[in-house]
Every structure is written in structure tokens, then in C-alpha cells.
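Biologist: I would like to learn how to read a structure feature by feature. Please give the general idea each time, then the case at hand.

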Amino acid sequence: MNGAASPTAHTDRSTRAAVATMYRLTAGHRAAVAVATVLTLVGSALGLAQPLVAKHLVDAGGRGQVVWPLLALLAVLFVAEAATGSAGRFLLERMGEGVVRQLRHGLVARLLRLEMREYDRHRGGDLVSRVTADTTLLREVVSQALVDLVTGSLVAAGAIVLMAWLDPLLLFLVALTVATAAAVVASLLTGIRRASEHMQSAVGAVAADLERALGALSMVRVHRAESREAARIGARVDAAYGAGVRTAKLASVMSPAVELAVQGSFLIVLVIGGLRVGGEAGSLGDLVAFLLYASYLVLPLSSVFRAASLVQRGMGAYQRIDEALRLPVEPTEARVPQARPRTSGRSVAEVPPALELRDVHFGHDPGRPVLRGVSLSVPQRRQVALVGRSGAGKSTLFALVARFYEPDTGEVLFDGRPATELGRDACRRRIAVVDQNTHVVHGTLRDNIAYGVPDATDDEIRRVVELARLDEVLARLPAGLDAVVGERGRTLSGGERQRVALARALLARPSLLLLDEPTSHLDAINESALTAVMKEVAEECAVLVVAHRLSTVQHADRIVVLHDGRVSACGRHEQLLAHSPLYRELAASQMLRPGGRDR
């Protein structure tokens with residue numbers, strides 16, 4: 001975890017601080033909150049007036065006076081209270097949905113732009129859980145708890161004032177029971193928050209482990225690991241259950257405390273108040289009004305206690321959301337005018353290369369370099385191949401070219417201009433990538449091919465379909481380009497997915513095409529066809545290809561041999577066979593001989 005993600009570790013855990021944090025989330029919705037609060041207070045005021053009307057109604061009935069006007073007034077107050085309360089609750093619910101939408105937009109935008117290192121440090125399923133489960137919990141907090149705290153406190157204060165006016169002694173006795181319940185609730189809030197944090201983290205772990213298993217389902221099935229994965233995910237589910245039970249245990253203590261306070265208050269009012277009425281120390285109307293106010297006091301106080309608990313639970317979810325929003329993203333760089341080198345009328349030596357690396361050093365972790373002073377260039381409209389043993393740094397070099405990472409030292413240039421000067425957007429507009437982990441997303445074949453160029457015409461799509469040798473795939477699929485390829489392209493073979501990725505890259509018409517193991521899922525016939533395609537593509541743009549199978553790249557204009565993060569040799573196939581022991585060893589292991597023919 002990076003340092004920016006941890007400020008919440010030492011934050012104030014008091015309910016006041018939690019309420020202030022939740023209130024900040026309502027920025028942009030304050031008008032709705034204000035209107036809803038006013039409506040709720042008006043409804044509460046109408047409710048507080050009802051016991052006074054009921055008092056006069058009882059007293060008037062006892063004196064034999066006409067009571068139907070008071071009954072009508074009581075009915076009007078009841079209907080008006082219900083209407084204003086309903087309108088206020090709708091505004092709050094809509095505001096809560098708006099806050100969640102805003103948070104989810106912010107989280108999605110943030111997660112899609114994180115530095116690549118952050119994806120190495122965090123599990124995808126856990127990040128997804130912060131967008132879904134955690135924000136859902138916050139919706140209830142901002143749509144109910146905040147206003148309940150304010151209105152509940154004000155209504156309770158109003159009820160207390162009127163109860164003091166009616167009978168101060170009874171109020172004092174009721175206040176003792178309520179204060180006892182409040183002390184119990186306050187002692188439980190911190191524990192509820194901790195349990196909520198653990199529960200939300202456990203739910204995120206369930207999502208991450210389930211995504212892990214479903215993403216490699218074929219491997220799970222082949223190795224008969226369903227039971228092991230179910231046990232692993234089940235352990236996460238059990239952890240979430242345990243945290244939920246701890247929350248429920250604390251809540252189960254809090255609820256009876258509130259209920260005992262309520263029942264105790266009523267018993268005190270009934271017993272003491274009844275005795276006082278019997279002793280003519282008060283009227284029956286006063287006792288009825290006091291009992292109604294006691295009931296009105298119970299509801300807002302219960303909502304205040306519940307809201308305080310909900311706010312603490314919401315803080316557990318908010319801390320996870322806030323942590324995600326603090327994760328570092330790729331820095332925004334100023335856009336520069338797009339200008340590609342003019343090649344007409346200029347010799348190859350005069351045209352800057354499409355890509356150049358100058359003494360590039362890079363390591364994912366300090367003290368563990370992957371690239372050690374790599375220098376190479378890819379001329380315009382030429383094909384350059386990178387070869388070497390596994391772990392030599394070939395794929396890492398591609399990640400630097402795509403600007404997923406930045407070199408520790410050294411420089412990457414596009415068309416003779418430093419990448420840092422161009423900015424990430426300009427660099428990525430120049431390239432297209434076909435990596436060894438072929439990405440095919442759920443949707444139609446057309447959606448996947450045109451992913452980088454959504455407004456591509458049918459003719460443009462047909463052109464790259466032919467170049468990538470996807471004609472047979474289209475003929476096999478009943479709906480052709482509009483066929484749904486399934487999650488991660490499950491309806492396609494590995495080779496077909498690789499050709500879809502190639503078509504997608506070609507449609508973007510890049511000035512530099514990066515191919516990482518493009519033939520790893522192809523048979524010999526399709527490999528030969530792809531080799532021909534690369535020759536055609538090299539007439540339009542520069543091509544940098546990583547390959548373990550030298551038969552794919554033996555006709556490249558230049559072959560760069562990487563070893564232990566360094567360039568160990570560079571030249572054409574025949575030159576390297578003669579002068580590079582490492583290349584000669586690689587060629588011998590794949591039964592290649594001078595002239596590029598297999599033995």
C-alpha cells in the first residue's frame with residue numbers, strides 16, 4: 001500500500017468526525033438536503049402539535065363540549081405530516097442515489113487511470129467491490145442517517161421542551177432512562193465501526209477470489225480444483241460472516257438498551273403520572289399529552305441512535321472508497337500538436353526512427369533492474385525483432401514503449417521526440433499493441449475489432465479482417481461480425497483471439513505496431529500467413545515484434561538479441577548466426593539454419 005492511501009489510518013473515529021465526513025459527501029446536493037430537512041422538520045412540527053390537540057380534545061370531551069372540530073384538526077395535521085414526510089424522504093433518497101452515482105463515476109474514472117504499479121499491488125475484485133458494495137452501503141448513510149441525526153435531535157429537543165412545560169418531574173425521570181440507553185449506545189459505536197470495516201474488507205476479498213477462480217475456470221476444472229477454490233472462497237465468506245455476526249452482536253446489545261429505555265419511560269409515565277392524576281396533581285389531558293410526547297420522543301431518539309450506528313458502519317465503507325480515490329493515477333500531461341515525420345523525398349538516414357531507446361534502465365523494484373542500459377531503434381516502415389530467453393526483459397521493454405511505466409534512467413523517443421515531451425496520449429496514438437495475453441471482451445466480433453476506432457466503416461473493418469486472415473472465422477459464425485464472442489472471447493480459439501487482436505491493432509493504422517509473441521497460439525499454416533502479413537504491414541508502419549519462435553522473425557530487417565536486460569547483439573539472421581553465440585544457440589534449439597529454412 002502506498003503512502004497516499006493511508007491517511008485514514010489515524011483519523012478521528014468519533015461520531016462527530018464521521019458525521020462531518022459524511023456531510024462533505026453531499027457537496028453539490030446541499031439544496032436538496034436543505035429542502036428535505038425543512039420538509040422533515042415541518043412534518044415533525046405537525047406531529048408535535050397533535051398531542052396538544054389531543055389534550056384539548058380529551059379535556060373538552062370530559063367537560064361535555066363539542067369535539068368534532070378538534071377531531072377534524074387532528075386528521076388534517078396527521079395527513080399533512082404524512083405528506084410532508086413522504087416528500088422529504090423522496091428528496092433524500094434521490095439525493096442518496098446522486099451521491100452514490102457521483103462516487104461511482106469518480107471511482108471508475110480513477111481506477112481506469114491508476115498507475116500500472118497499483119494494479120500489481122491491488123486485486124481487481126477488491127477494487128470492483130469498492131465501486132459496488134461499499135458505495136451501496138454509503139447510500140443509506142447519506143440518504144437517511146445524516147438527516148435523521150439533525151431532525152431527530154431537533155424533534156427530540158422540541159418534545160423535551162413541551163414535556164417540561166407539561167410535567168418537569170416526569171421529564172426528569174424519563175431523561176434518566178434515556179441517558180442510560182445513550183451511554184450504552186455510545187460505548188458500542190466504535191466497535192460497530194471496526195466490525196463494519198472488517199466486513200467490507202472481507203466482502204472485497206470474496207469478490208477478488210471469485211474473480212480469480214472464474215477468470216481461470218478451465219484451469220480450475222482441468223486440475224479438479226473446484227473444491228479447493230470453493231474452500232478458499234468459503235473461508236472469505238466465513239470471514240465476512242464472522243464480521244457481520246460481530247456487528248449484529250453489538251447491534252443486538254444496542255437495540256434492547258433502546259427498547260428498555262422506551263418501555264421504562266412509558267412505565268414511569270403511566271405509574272407516576274397515573275398516581276398524580278389520581279391525586280389531582282394533574283389532568284387526564286396532561287397525562288395523555290405527556291404520553292404522546294413520550295412516544296414522539298422515542299421515535300426521534302431511536303432514529304438518532306440508529307443513525308449514529310449507521311454512520312459508523314458507513315465510515316468503514318467510506319475509508320475503503322477514500323483509499324481507492326487516493327491511489328496515484330498516471331500524471332496528466334499537456335497535449336502537443338500531432339506531427340508525424342515527413343518521409344517523402346528524404347533518405348532513410350534523414351528520417352528519425354519511429355521508436356528509439358537510449359540507454360534505458362528500469363526495474364519494478366529498487367535494486368532489482370530488469371533493463372540495464374538498453375539502446376535500440378526501429379526505423380520507419382521497417383520490421384525489427386526482439387529475441388532472447390524468457391525473462392530477458394522483452395515484454396518489460398514493450399510496457400515502457402506503451403508508457404505503462406517510466407524508465408528509471410534513459411530516454412524513449414517517438415519520431416525523434418522524447419516521450420515525456422509528447423505526453424502519454426500522443427505516444428499511445430502512435431502505437432498499437434498485440435500482446436501475448438490476448439484481450440477479447442464480451443460483445444460482438446465487430447465491437448472487439450473496432451474497439452480502438454469505434455466509428456470505423458465496414459470497408460475499413462473488412463480490410464483488416466482480410467489482413468488478419470479472419471475470413472474463415474466470419475464464415476463459421478452465423479452472425480458474422482455481429483456474433484457475440486462471449487466473456488473473454490470464450491467462443492473463439494486461442495489463435496482466433498490472437499487474430500482478432502491483430503485486426504484491432506491494424507484498424508488503428510499506427511505508425512508503430514508492437515507484436516508480443518504474435519504466433520504463440522497459431523499453427524504452422526497461420527504462422528506463415530502472419531509472417532506474410534507482417535511484411536505487408538511493414539510497408540505502412542514500423543513493426544517491433546517479440547518472438548521466441550525465430551522462424552517468425554528470421555526475415556526481419558533487424559533482429560535485436562536481449563540477454564539479462566542488455567542488448568547482446570544486433571543484425572540480420574545470417575549475421576547473428578555467424579557472430580552471436582546466444583542467437584546461434586537459440587536457432588539451433590529451433591532447428592534453423594542459414595538461409596532461414598527449417599531443417
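Biologist: How do β7 and β8 pair, in the parallel or the antiparallel sense?

Modeller: Strands of a sheet pair through backbone hydrogen bonds, either parallel or antiparallel. In this predicted model, strand β7 (residues 512–516) pairs with β8 in the parallel sense, over 5 bridges. Two strands are said to pair if DSSP finds at least two bridges between them. Within this pair, D516 stands opposite V546 in β8. Helices (H or I, at least four residues) and strands (E, at least two) are DSSP runs, numbered from the N terminus.

Biologist: What is the order of the strands in the open sheet?

Modeller: The order is β6-β7-β8-β3-β9-β10, with 6 strands and mixed pairing. At the edges are β6 (431–434) and β10, each of which pairs on one side only. On average, neighbouring strands of this sheet are turned by 20° against each other, direction ignored. Axes are lines fitted to C-alpha atoms, for helices over the stretch in contact, and angles run from 0 to 180 degrees between N-to-C directions.

Biologist: Which strands does helix α10 lie across?

Modeller: Helix α10 (residues 394–401) lies across β3 (383–387), β6, β7, β8 and β9, and runs at about 150° to β7. Helix α19 (residues 581–589) also packs on the sheet, where it touches β3, β9 and β10. The direction of α19 makes about 100° with that of β9. Contact means heavy atoms within 4.5 Å.

Biologist: Next, the nonpolar cores. How many residues does the largest one have?

Modeller: In soluble globular proteins, nonpolar side chains tend to be buried together. A nonpolar core is a set of buried Ala, Val, Leu, Ile, Met, Phe, Trp, Tyr and Cys residues joined through side-chain atoms within 4.5 Å. Buried means under 20% relative accessible area, exposed over 50%, and partly exposed in between (1.4 Å probe, protein chains only). The largest core here has 51 residues, and I449 and L513 have the most contacts inside it. Helix α16 (residues 494–507) gives the most to this core, with 7 residues. Another core lies apart from it, with 33 residues, including V384, L386, A392 and L397.

Biologist: Which residues is I449 in contact with, leaving aside its neighbours within four places in sequence?

Modeller: I449 is in contact with I461, V464, V465, L470, L481, V500, A503, R504 and L507. Over the protein chain of 599 residues, 46% count as buried.

Biologist: How many salt bridges does a search of the whole structure find?

Modeller: Side chains of opposite charge can pair when their charged atoms come close. A salt bridge is a side-chain nitrogen of Lys or Arg within 4 Å of a carboxyl oxygen of Asp or Glu. The search finds 22 of them. In one, the closest N and O atoms of D126 and R130 are 2.7 Å apart. These two residues are 4 residues apart in helix α5 (residues 124–166), so about one helical turn separates them. D126 is buried at 13% relative accessibility, and R130 is buried at 4%. Both belong to a network of salt bridges that links D126, R130, D134, R320 and E323.

Biologist: What is the mean pLDDT of the protein chain?

Modeller: pLDDT is the predictor's confidence in each residue, from 0 to 100. The chain has a mean of 76, and 81% of its residues reach 70 or more. Over residues 1–10 the pLDDT is below 50, and over residues 593–599 it stays under 50.

Biologist: Which conventions apply?

Modeller: Residues are numbered from 1 along each chain as its sequence is written, and side-chain values use heavy atoms, with hydrogens and water left out. As this is a predicted model, local features need pLDDT of at least 70, side-chain atom pairs count only at pLDDT 80 or more, and totals for chains, interfaces and linings use all residues.
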